[in-house]
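This report walks through one protein chain, from single residues to the chain as a whole. Keep the sequence and the model in view while reading.

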Amino acid sequence: MLATMPAPPPDARSFRAAVTAVTPCGADGVLLRLRPEVELGPIRASRFFMIRREDELSPLIPRPFSVYRQAGGELEFLIKVMGRGTRALAETRLGESLRVIGPLGNGWPTLDGDGPPWVMLAGGVGSAPFFMGIQQALRGMDGREGPRPEDVHFLFGAATEGFLYDIDAFRELGVQVHTATMDGSSGLHGHVLQLLESLQADGVIPRVIRLLACGPERMLEAVEDLARERGLACWLSLETLMGCGVGICNGCPVLTRPEGPRGDWPNAKCCVEGPVFSIEEISMHASSAEPQAAPNCG
Ligand SMILES: Cc1cc2nc3c(=O)[nH]c(=O)nc-3n(C[C@H](O)[C@H](O)[C@H](O)COP(=O)(O)OP(=O)(O)OC[C@H]3O[C@@H](n4cnc5c(N)ncnc54)[C@H](O)[C@@H]3O)c2cc1C
Ligand code: FES
């Protein structure tokens, strides 16, 4: 029997979008607002778009970004300046036209109100897929009633306060927002898993929870280890390096678990089979499932 090649989602397309706002955000980021030339349906949180400028300032290969907000026919992206591609996007001017491909990827699972509380763990710009994730959870998804705001905890960790991007907007969503910074400039002095530990020790968050996480690789490794040790349901949104974003270049492999539902192949393609995976499907650890050292959120 022929195996089916994972393909980009049917609603993905290539289009131009005009820049309608570029607003500084945090110590090194921007909120980039775009008006697509095509009409897009509602987009599930933690899906993403490949974006590039069409001039010589941009690398040829577009860069992937989670959709941060969708409103009034516009898309907004939270972009941390890392290198050439993100700098070029942060320096775009109003009215400039960008090349965009998407929406791509799968997005968060349905966040229902029937089970244990949802705990969202964000490291630095890993907060991007959670803003709409929280909005959609509270609204209810796929015909299911969503959790109560008190059963959604957003734990935001970063190296320092300046990387807690757009934190006030998260607070305005009405869920439980808690922060941790490695230098103690906001919230708990430490990383996001120490924050979880401390909130559970204080009885603010129960022991049995459902976890969603997005952030640096070492943070996600530590989240995976914790979820396995405690037998918790857990989904990770991965920010793997990507080339094409549509399943062609094999540039985004993620290790599958031999005993999991994707175990018939050693790798999954993050772009077309992710970027969200449950820890039943994949492992962040390349060679072993041994717990790693503490994460560094940034
Ligand atoms: C599905 C997905 C969603 C993403 N969503 C967002 C988002 O909403 N906001 C955002 O700011 N970023 C997001 N990213 C990461 C973003 O795509 C990268 O930061 C960007 O591609 C860097 O491009 P650059 O040209 O500026 O940097 P490059 O010049 O390509 O790299 C500069 C430095 O950053 C490192 N780097 C590049 N990409 C990554 C990465 N993914 N993880 C860790 N280090 C990296 C490189 O190794 C290098 O050291 C996402 C990535 C994926 C796969
Ligand atoms: S980025 Fe090319 S296959 Fe995933």
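## Aspartate 142 and the end of helix 2

Aspartate 142 sits in the loop that runs between helix 2 and strand 9. Helices (H or I, at least four residues) and strands (E, at least two) are DSSP runs, numbered from the N terminus. The model is predicted: local features need pLDDT of at least 70, side-chain atom pairs count only at pLDDT 80 or more, and totals for chains, interfaces and linings use all residues. Residues are numbered from 1 along each chain as its sequence is written, chains are lettered from A and ligands numbered from 1 in the order in which they are written, and side-chain values use heavy atoms, with hydrogens and water left out.

Aspartate 142 is not a glycine, yet its phi is positive, at about 55 degrees. Most residues other than glycine have a negative phi, and most peptide bonds are trans. With a relative accessibility of 55%, aspartate 142 counts as exposed. Here buried means under 20% relative accessible area, exposed over 50%, and partly exposed in between (1.4 Å probe, protein chains only).

## Helix 2

Helix 2 covers residues 130-139; seven of its 10 residues are buried, so the helix is largely enclosed by the rest of the structure. Those buried residues are Phe130, Phe131, Met132, Gly133, Ile134, Gln136 and Ala137.

What do the buried residues of helix 2 pack against? Their partners are strand 5 (69-71), strand 8 (118-123), strand 9 (152-158), helix 3 (167-172) and strand 12 (210-214).

Serine 46 lies in the loop between strand 2 (29-36) and strand 3 (48-53). Its phi is near 80 degrees, a positive value in a residue other than glycine. Serine 46 counts as buried, at 1% relative accessibility.

Serine 237 belongs to strand 13 (residues 233-237) and is buried as well, at 3% relative accessibility. The side chains of serine 237 and serine 46 are joined by a polar contact of 2.7 Å. A polar contact is a pair of N or O atoms within 3.5 Å; within protein, one must be able to donate a hydrogen and the other to accept it, and residues adjacent in sequence count only if both atoms are side-chain atoms. Leaving aside neighbours within four places in sequence, the residues in contact (heavy atoms within 4.5 Å) with serine 237 include Trp108, Cys214 and Pro275.

Proline 275 is in the loop between helix 6 (270-273) and strand 16 (276-278).

Proline 103 is placed in strand 7 (residues 97-104).

## The chain as a whole

The chain contains six helices and 16 strands. Its radius of gyration is 18 Å, close to the 19 Å that the globule rule gives for 298 residues, so the chain is as compact as a globular protein of that length. The radius is taken over C-alpha atoms, and the globule rule is 2.2 Å times the number of residues to the power 0.38. Along its principal axes the C-alpha trace spans about 55 × 50 × 40 Å.

Of the 298 residues, 53% count as buried. Among contacts with a separation of 6 or more, 66% are between residues 24 or more positions apart.
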